[in-house]
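Colleague: Could you walk me through the inside of this one? I have the sequence and the model open.

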Amino acid sequence: MSRMIFVNLPVKDLERLKAFYEAIGFRNEPKFTNDAAAMMVLSDTISVMLLTHPFYATFTRKPIADANNSSQVMLCISCDSPAEVDRIVDAAASAGGKIDQSLKSETGEGPMYGRDFEDPDGHQWEPMWMDPEFAEKGAHPVEDAAAA
């Protein structure tokens, strides 16, 4: 069995966030969705669990961070092409997300193309495409060339 990842995000308005994630291509899994949580499936191995603040608070003693005012995590999504990156980011903008908020962008010429968006609760996502040849070599040849 493949290892899976479930990203748990605290959300203020569950219905609004469900609609947002559906608009950018996630699928709701009704078997794990109720009035306190929604499972949003990105792939066979990656899902996002949207948890209302009261429900999320049952899992931790720590205060829930306000992602609109502090950064706790940036979630990168691999994409098959630069066009897919743009499609996801454009869908995020149309669904009420903030786009292109990061300090650094990978939209110029080069082996990587990425943009970013924040969902309505401020959680940061980075759709990213990487040239397959570059991915095969890894980042070290680029670092070595920059140091020379």
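**Cavity and cores**

Modeller: Searching the whole structure turns up one cavity of 30 Å³ or more. A cavity here is a set of points, on a 1 Å grid over the protein atoms alone, where a 1.4 Å probe fits but cannot get out. This is a predicted model, where local features need pLDDT of at least 70 and side-chain atom pairs count only at pLDDT 80 or more, while totals for chains, interfaces and linings use all residues. Residues are numbered from 1 along each chain as its sequence is written, and side-chain values use heavy atoms, leaving out hydrogens and water.

Colleague: How much space lies in the largest cavity?

Modeller: About 60 Å³, where volume is the space filled by probe spheres set on the grid points, joined across faces, edges and corners.

Colleague: Which residues line the largest cavity?

Modeller: Pro10, Lys12, His53, Ile64, Ala65, Asp66, Ala67, Asp121 and His123, counted as lining if they have an atom within 4 Å of a point.

Colleague: New topic. Which residues touch the most other members of the largest nonpolar core?

Modeller: Leu9, Tyr21, Ile24, Leu50, Phe117 and Trp125, out of 25 residues. Such a core joins buried (under 20% relative accessible area, 1.4 Å probe, protein chains only) Ala, Val, Leu, Ile, Met, Phe, Trp, Tyr and Cys residues through side-chain atoms within 4.5 Å.

Colleague: And what does Trp125 contact?

Modeller: Beyond its neighbours within four places in sequence, Trp125 contacts (heavy atoms within 4.5 Å) Leu9, Tyr21, Phe26, Val48, Leu75, Ile77, Arg115, Asp116 and Phe117. Another core lies apart, with five residues including Ala37 and Met39.

Colleague: What share of the chain is buried?

Modeller: 35% of the 148 residues.

Key: 1 Å grid on protein atoms, 1.4 Å probe; cavity = no way out; pocket = protein on both sides within 12 Å on 5 of 7 lines; lining within 4 Å. Buried < 20%, exposed > 50% of the residue type's maximum accessible area, 1.4 Å probe, protein only.
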